[in-house]
Every structure is written in C-alpha cells, then in structure tokens.
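Please keep the structure open beside the text as you read.

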Amino acid sequence: MRSRNLRPARGFLDDFLHHRDRADSTTTGLSPLELAQDPDALFYVGLALPDAWHLPVTADDGSGELTLWILADDRTSWACADHTPDGRRYDVAQYGPRRLWDEAEAACRTWEALGRPSRDRAGLSVTARGQQVWLDTPEHRLDALTDRSVRGGSGSGSGP
C-alpha cells in the first residue's frame, strides 16, 4: 500500500509548519514514542488518516526526546507531540481545520478496543461498489477506522 504513487509529494517539514504561533496547545497521555515505535498501531492509525503521514524526529543530543509529527497531505493541518523520557503527559500542538493528533488518538483507542490486533489480521475486499477494510473476516468491517463520516473527519484521501 505504501507504494501507491497517487500521493502528493511530501516536501519538507518546514513546508508544513506555518502559523506555529497560532497552534492550539494541549497534552496527551498517549506516548508519542510508543506510537512511533509500534508498527501495528501505526498501521491502524494510518487507516483512519489515509490523507496524512507521520514523521518521528529524534533529538540528536542523547536526551531520548522525540517529536512525532502528523502532517496532512493538503498541507493545511499539522500536529506534533513531544515525548520526554519518564513523562506521563506529553505536550501536543495542532494547527489547521483538522485536529490530526485527536484523530490519531481516537484511532489508537479504537485499535486498543479491538484488542490491539496485528497488521496481518487486516484484510481488504474490493468490489465494483468500493473497498472495505476488515479484521479477520470480511464480515468484521473496520468502518470505525476507515469511514470518515463515522469519525467526523473531513477531506478525502488517496490511501495509506
């Protein structure tokens, strides 16, 4: 799926970071480091945010700090969450019409409610009417992750 060539060019991180001074600041209990290091969690979050991508940036000073960026393909929204070692709450900044960290956090909660399934349990059915992502069997559709109207998101995507 990552090889789809219809995705917009990613560009550079600085291309996305407009209006930093107007970003909303909150905190989260979801560790950006744990999310960034869990390929299964990232897969299911990616299903929920098909028109966004993530970029972990690790501090190069040996501090163990990491910033997890989530960037919308349309370049109108971005979010970042800062991991500090031994932290229990993490600073989050979000800008734009979408709250990308909130969407990612909701998708992560849905993944956890499903029992934290591995990526190899997901399947895809494609018919003339469209495509459906499912867990274990085609009858167990993942609409809570893949249907933007269910999540309250906006925009359209070109796939993970």
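A polar contact of 2.9 Å links the side chains of R89 and T27. The term polar contact stands for a pair of N or O atoms within 3.5 Å; within protein, one of them must be able to donate a hydrogen and the other to accept it, and residues adjacent in sequence count only if both atoms are side-chain atoms. Please bear in mind that this is a predicted model, where local features need pLDDT of at least 70 and side-chain atom pairs count only at pLDDT 80 or more, while totals for chains, interfaces and linings use all residues. Residues are numbered from 1 along each chain as its sequence is written, and side-chain values use heavy atoms, with hydrogens and water left out.

Where does R89 sit? You will find R89 in the loop between strand 4 (78–83) and strand 5 (90–95). Helices (H or I, at least four residues) and strands (E, at least two) are DSSP runs, numbered from the N terminus. Leaving aside residues up to four places away in sequence, R89 touches T27, T28 and G29, where contact means heavy atoms within 4.5 Å. R89 and T26 lie 63 residues apart in sequence, yet their C-alpha atoms are 9.8 Å apart in space.

Now for the charged pairs. How many salt bridges does a search of the whole structure find? The search finds eight, a salt bridge being a side-chain nitrogen of Lys or Arg within 4 Å of a carboxyl oxygen of Asp or Glu.

| Salt bridge | N to O distance |
|---|---|
| R98 and E103 | 2.6 Å |
| D136 and R121 | 2.5 Å |
| R141 and D143 | 2.9 Å |

Buried means under 20% relative accessible area, exposed over 50%, and partly exposed in between (1.4 Å probe, protein chains only). D136 is partly exposed at 41%, and R121 is partly exposed at 31%. As for the remaining pair in the table, R141 is partly exposed at 42% and D143 is partly exposed at 26%.
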